[in-house]
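Please read the following report alongside the sequence and the model.

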Amino acid sequence: MSDNRNLFNKVWDQHAVRTLPNGQTQLFIGLHLIHEVTSPQAFEILRDRGLKVAFPERTIATVDHIVPTASQARPFVDLLAEQMMSAIEKNCAEFGVTLLDLKDKRQGIVHVVGPEQGLTQPGMTIVCGDSHTSTHGAFGSIAIGIGTSNVAEVLATQTMFLNRPKVRRVVVDGKLAPGVYAKDVILYIIQKLGVQGGVGYAYEFAGTTFDAMSMEERMTVCNMSIEGGARCGYINPDQTTVEYLRGRPNSPVGAEFDRAAAWWLSLASGPNAVFDDVVVFKASDIEPTVTWGITPAQSVGVSQPLPKLAEIGAEDQKLIKEALEFMDLKEGQPIKGTKIDVAFIGSCTNSRISDLREAARIASGHHVAPHVKAIVVPGSQLVREQAMKEGLHEVFQAAGFEWREAGCSMCLAMNPDKLQGREMCASSSNRNFKGRQGSPTGRTLLMSPAMVTAAAIRGFVTDIREFA
Amino acid sequence: MAIKEIKQITGTALPLLLDDIDTDRIIPARFLRCVTFDGLGEHAFEDDRKQDPNHPFDQVRFRAASILIAGRNFGCGSSREHAPQSLMRWGIQAIVAESFAEIFFGNCGSLGIPAVVASRTDLERLAQAVDQNPVLQVTLNLETQKITAGELVIPVTMPNSAREALITGQWDYLGRLLSAADDIRAHAAKVPYLTGWK
């Protein structure tokens, strides 16, 4: 009998410890990733209640949100950040959790580290006190962001209660045009389905466009599922997944790897798999995409003008007006040519080696515009090391970009990397919310790393297809 | 752990009928540089408040409010529990909105904050009533799933699992999870990647 369950439901069923009379599932969690921002209060809950970490070997900690990327000498200049670092060091030591700290080469953004270390594998349930945990769905896992109370629950029991979501298959077929990247695909999907469209759903990204993507591109797509309201997004495991995992530090080896790979591939949604909803897009409709507003759905193709208020339904006008006013942009104006002040290449969306290679390829032989401050923040120490082996840092530095240490940096500006005042930032990150990049009135334009690089060099939003 | 049954919240209300309010706006990231949730209350919506002198959170007439009236997709974005923590510490005990982002909704449940949904039309009527009379007593009854405000009675909804947990005082999820400790160990022994895929 063929299994008509989609991957999500196969993995869910595998991890269901019990179902409560109210329909909630107590779900076993295969991998718990923690970081310094959302864990201290959780450890405090354990201490208050005299509890231990139930499966310390299934818990991995790193530091990313608050770490400075210029100088990492301890104690940090920011005493609050220093206090948080001390807290995670103490908590991990006391509760027996492995911590990849700044002295450990494996340190980096939690959603870069998990895949890089082979911790993230198909068929797992993965949680982290961070909404971009959806990144790990790229491997065909159920990966969701959780709050701090949930972090305490998972630390103490390796389980949590969840309602089973519906599953929407988001199909994109076809070859992406030159200059169109994974980032553009997910920005396009969010533009079409909205920031709330995915609430109550897990997104299965399927179709030939995703089949052709590398694992790093798939991570970029799944990373921003949450920006579309879907707590979890995933891509079915295939040979690309298997090859990425072969030889990773935490991957199985030898005959065990073969058994694992067979299981991973068996989880993929089959041809008869059932979905609660299906939407279909064409890769050929996607162009380099740029956000112009204060939600990730407020975006346009770079050749397109901003929407006109008259074309928008009455209920959305208030939001659009608020966004235009905050961004100091006009309805119907082109996005191309919008002047920028800062360029940021980094974040759990786009800070992996393939992102840096592409940005360096574009930056090579050019120089950042005189009025632009441009920084490159690798996603992990290992990404940074690899980039330096390839000489990418020299390309960036010669082009006028600052080359930094690994961390979350200006994606959410919990460290010293912040916008100032009304600065406009071309950013490869994931959120253009008001104040997101550290200045309450700072402005963010989300785009691919390639487009950020082109904008940094020209000094304004530039169509990468016209950049030479 | 003994925990409070939450069946009804009564108090004045605060209208903030905006859409797609993200958790960065509720509590800007710089205030996440902390190891306890203490002191987050005063920073709720801090940057929005600084930019809007008429922000409802700064209006004296709404200062004592315990029920927040919000729009569509409230609490989207970051998973930070600091967001509902800051609202709770501000004095908010319940939220009624057109819809909620999922992680935020779950975080409210963990803190015993009822997060209920009402239609836009009803929310606008409620917001108007409160705007006209800020001392109006508003009652959210989770058992009847109704909000009553003077003459106004509006239906609200909340998923049963979360609603029942509040009503029966079983929203200490950690305690309930721990009660299955043996089942958890037994389950772990069947998970393929914990047993060498044999």
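## Basis of the model

This is a predicted model, in which local features need pLDDT of at least 70 and side-chain atom pairs count only at pLDDT 80 or more, while totals for chains, interfaces and linings use all residues. Residues are numbered from 1 along each chain as its sequence is written, and chains are lettered from A and ligands numbered from 1 in the order in which they are written.

## Overall form of chain A

Chain A has 15 helices and 19 strands, where helices (H or I, at least four residues) and strands (E, at least two) are DSSP runs numbered from the N terminus. The radius of gyration of chain A is 21 Å, which agrees with the value near 23 Å that a compact globule of 468 residues would have; this radius is taken over C-alpha atoms, and the globule rule is 2.2 Å times the number of residues to the power 0.38. Along the principal axes, the C-alpha atoms of chain A fill a box of roughly 55 × 55 × 45 Å.

Of the 468 residues of chain A, 59% count as buried, a residue being buried if 20 or more other C-beta atoms lie within 10 Å of its own, exposed if 12 or fewer, and partly exposed in between, with C-beta atoms placed from the backbone. Among contacts in chain A between residues at least 6 apart in sequence, 76% join residues at least 24 apart; two residues are in contact if their C-beta atoms, placed from the backbone, lie within 7 Å.

## A parallel sheet in chain A

Five strands of chain A form an open sheet in the order E17-E16-E15-E18-E19, with parallel pairing. Its edge strands, each pairing on one side only, are E17 (402–403) and E19 (443–446) of chain A. Two strands pair if DSSP finds at least two bridges between them; E15 (residues 342–345) and E16 (residues 373–376) of chain A pair over 4 bridges, and Ile345(A) has Val376(A) as its bridge partner in E16(A).

## Contact between the chains

The contact takes 60 residues from chain A and 50 residues from chain B. On the side of chain A that touches chain B, the largest share, 7 residues, comes from H5(A). The residues of that side of chain A divide into 25 nonpolar, 26 polar and 9 charged, where Ala, Val, Leu, Ile, Met, Phe, Trp, Tyr, Cys and Pro count as nonpolar, Asp, Glu, Lys and Arg as charged, and the others, Gly among them, as polar.

## The nonpolar core

The largest nonpolar core has 211 residues, and those with the most contacts inside it are Ala343(A), Ile69(B), Ile95(B) and Val96(B); such a core is a set of buried Ala, Val, Leu, Ile, Met, Phe, Trp, Tyr and Cys residues joined through C-beta atoms within 7 Å. Helix H6 (residues 182–193) of chain A gives the most to this core, with 8 residues. Leaving aside neighbours within four places in sequence, Val96(B) is in contact with residues including Ile67(B), Ile69(B), Val116(B) and Leu140(B).

## A buried helix and an exposed residue

Helix H3 (residues 82–90) of chain B is largely enclosed by the rest of the structure, because 7 of its 9 residues are buried, among them His82(B), Leu87(B) and Trp90(B). What covers these buried residues includes helix H1 (23–26), strand E3 (67–70) and helix H4 (102–111) of chain B. Just after H3(B), Gly91(B) takes a positive phi of about 130°.

Glu325(A), in helix H11 (residues 314–327) of chain A, is exposed, with 10 other C-beta atoms within 10 Å. Glu325(A) and Gly379(A) are 54 residues apart in sequence and 33 Å apart in space, C-alpha to C-alpha.
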